[in-house]
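I opened my notebook to look up a few helices, strands and a sulfur link. Here is the model I had on screen.

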Amino acid sequence: MVTMKTSLRFILLAAMLLAAACADAEPVTSSRGAPPSAGESASPEPSPTDEPEEPSPTGTRSLEAWFNYGDHLFVTEREVPATPAVGRAAMEQLIDRPSEFEANAGVTTALPPEVELLDLTIEDGVATVDLSEGFGQGSGSAAEFLQVAQVVYTLTQFDTVTGVLFEVEGERLKMTPGHGILLSGPQTRRDWRDFLPPILVTEPHMGARVSSPVTVAGSANVFEATVSMRIIDAEGNRLARSFTTATCGSGCRGTFEHELAFEVDREQHGVIEVWQASAEDGSRMDLVQIAVTLVP
């Protein structure tokens, strides 16, 4: 077996493999979420903050780039220089692809490597993004769907964007050039919510440095709204395990947030695992693994 110290790739892989084999005999604690509010959206998302806003003269700001984890969308966090053009900054991060750390942990992108951002304008809540040739093509229709979904979710994280129109080389794109996916009218998050995973972890982000207690948050559409989670250290030992309930479940998407307390005596790589238990046999389903650095 590869040791935990050879490289980051093998550390993460070994931690995840060992984690899957760990026994689950110790007691667990529960934290129940708040009941769904009236009129709650079937797909609550992180609230959409873009163009025109006054930038800080110095410093950085955080934004999201939406990639893929398996066959679903996956959100990552980026720190960029403070700028009023945060929509363009987010698209540039998306075009730049997942970091090496993220790629080693299984994060991918459906965007072809040759695709470039040519232009981005935002008017009356609609972002028009102009991309180079290659966008909307891929190894299959699923890849094309994910390309569109990645761009839509990356741009609609901002309050000033509710929908996205697509152009390729300056020409309005009404369907993808590959398998002909229709793009009639501005594309919204609701149009592409089927590409969200059953469990979406929005906090902490992949690669984050976390100390105890760590807040694990996101949204889920799972059986009886029950979301399980645990923390695994660099040696594959389970440091904490618990579960919580989302604000909605079993056919609707609700949000969840829960704190996990842990102890480590040194800074080390770790994995936060989030999943739902099978109603049939209790086995883990829809497992999400967030590679982090555990800090004393």
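Before I read off who faces whom, a definition: two strands count as paired if DSSP finds at least two bridges between them. With that in hand, I noted that G218 stands opposite F256 in β14. I also reminded myself that this is a predicted model.

**Entry: strand β11**

I followed β11 to its partners. β11 and strand β14 (residues 254-260) pair in the antiparallel sense, over seven bridges. Strand β9 (residues 199-203) also pairs with β11 in the antiparallel sense, here over four bridges. For that pairing I wrote down L200, which stands opposite S219 in β11.

Next I asked myself: which residues of β11 point one way, and which the other? I found V214, V216, G218 and A220 pointing one way and T215, A217 and S219 the other way, and all are buried. Buried here means under 20% relative accessible area. Seven of the seven residues of β11 (residues 214-220) are buried, so I put the strand down as largely enclosed by the rest of the structure.

**Entry: helix α4**

I moved on to helix α4, which covers residues 141-155 and has 15 residues. From its first C-alpha to its last I read 22 Å, close to the 21 Å expected at 1.5 Å a residue.

Is α4 enclosed or open, I wondered? Twelve of its 15 residues are buried, so α4 is largely enclosed by the rest of the structure. Among the buried ones I jotted down A143, E144, L146, Y153 and L155. What do the buried residues of α4 pack against? My list reads β2 (60-69), β3 (72-81), α2 (86-95), β5 (117-123), β6 (126-131) and β7 (163-168).

**Entry: α2 against α4**

I then took a look at the helix pair. Two packed helices are described by the angle between their axes and the distance between the axes. For α2 and α4, the angle is about 145 degrees and the axes are 9 Å apart. I noted a right-handed crossing where α2 passes α4. At the contact, G87, A90, M91 and L94 in α2 meet Q150, V151, T154 and L155 in α4.

**Entry: the disulfide**

Last, I checked the cysteines. How many disulfides does the structure hold? I found one, and it joins C248 to C252 with an S to S distance of 1.5 Å. The link of C248 and C252 is left-handed, with -85 degrees about the S-S bond. C248 has 18% relative accessibility, so I logged C248 as buried.

Definitions and conventions
Residues numbered from 1 in each chain as written. Predicted model: local features only at pLDDT ≥ 70, side-chain atom pairs only at ≥ 80, totals over all residues. Heavy atoms only, no water. Helix = DSSP H or I, 4+ residues; strand = E, 2+ residues; numbered from the N terminus. Expected span 1.5 Å × (residues − 1). Buried < 20%, exposed > 50% of the residue type's maximum accessible area, 1.4 Å probe, protein only. Contact = heavy atoms within 4.5 Å. Disulfide = S-S within 2.5 Å. Axes fitted to C-alpha atoms, helices over the stretch in contact; angles between N-to-C directions. Left-handed = near helix turned anticlockwise from the far one by under 90°.
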